[in-house]
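Visitor: Please take me through one part of this structure in close detail. I would like the surroundings of a single residue, then the sheet.

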Amino acid sequence: GAATLSAVTTDSLTTEGEVEIYRTQPHIDFHYNNSSDDYTSRIIEIANGQLNLSAVNGVKINGKKTENEAVTLTANTNRITNVSYTAKYNELLGAVFVRIYGTINPDMNMNVGYDYDIMTIDAYLPNSTAALAVKCSKNAMAIAKKGDGGGAIQIRPLESGINGYDVWITGFWFV
């Protein structure tokens with residue numbers, strides 16, 4: 001049978017072999033600053049071949065956060081109403097991912113071929129103009145861009161009569 005060995009050291013532990021951990025859910029617990037908590041961070045295999053890193057203050061890879069951070073967009077309600085959106089910045093990838101839904105204001109007459117700011121970007125501005133995908137019953141295109149006063153998401157009608165139509169905009173831009 002397997003030998004049982006319990007070892008405690010107050011110094012470094014070095015092995016010239018490998019470390020193998022056997023259990024139903026094998027794990028390594030960290031106790032930052034000698035914390036008496038169950039753990040302050042943990043690496044655990046939660047299922048066969050599925051590794052989980054738990055850290056209450058977030059996980060970083062090479063100093064970059066792996067968690068997504070919310071980005072605030074502000075709708076220009078003169079141009080788009082009934083807005084809902086999700087915008088997340090991923091530091092590891094250096095990009096913002098966005099999904100926007102809204103209705104082009106029925107009272108707003110937008111001219112074909114002109115760009116209209118429909119939302120402002122409050123942080124993590126695009127490092128260049130980025131094309132976004134548009135789904136609408138009228139043909140249109142959208143971009144995210146950085147300007148003098150900050151950032152904006154713009155829509156450009158490619159055919160007349162877009163006012164009153166629902167629009168879905170998705171995509172990403174690099175920061």
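Guide: Contact here means heavy atoms within 4.5 Å. This is a predicted model, where local features need pLDDT of at least 70, side-chain atom pairs count only at pLDDT 80 or more, and totals for chains, interfaces and linings use all residues. Residues are numbered from 1 along each chain as its sequence is written, and side-chain values use heavy atoms, with hydrogens and water left out.

Start with D29. Setting aside residues up to four places away in sequence, D29 touches D38, Y39, S41 and R42. D29 sits in strand β1, residues 27-30. Strands are DSSP runs of E, at least two residues long, numbered from the N terminus. D29 is partly exposed, at 24% relative accessible area. That term covers the range between buried (under 20%) and exposed (over 50%), using a 1.4 Å probe and protein chains only.

Now take R42. It lies 13 residues from D29 along the chain, yet their C-alpha atoms are 4.6 Å apart. Their side chains make a polar contact at 2.5 Å. Such a contact is a pair of N or O atoms within 3.5 Å; within protein, one must be able to donate a hydrogen and the other to accept it, and residues adjacent in sequence count only if both atoms are side-chain atoms.

Next, the sheet. Nine strands form an open sheet in the order β6-β8-β9-β14-β11-β12-β13-β10-β7, with antiparallel pairing. Its edge strands are β6 (68-70) and β7 (73-75), each pairing on one side only. Two strands pair if DSSP finds at least two bridges between them. Strands β11 (130-136) and β12 (140-147) pair antiparallel over three bridges. A131 stands opposite I143 in β12.

Definitions and conventions: Helices (H or I, at least four residues) and strands (E, at least two) are DSSP runs, numbered from the N terminus.
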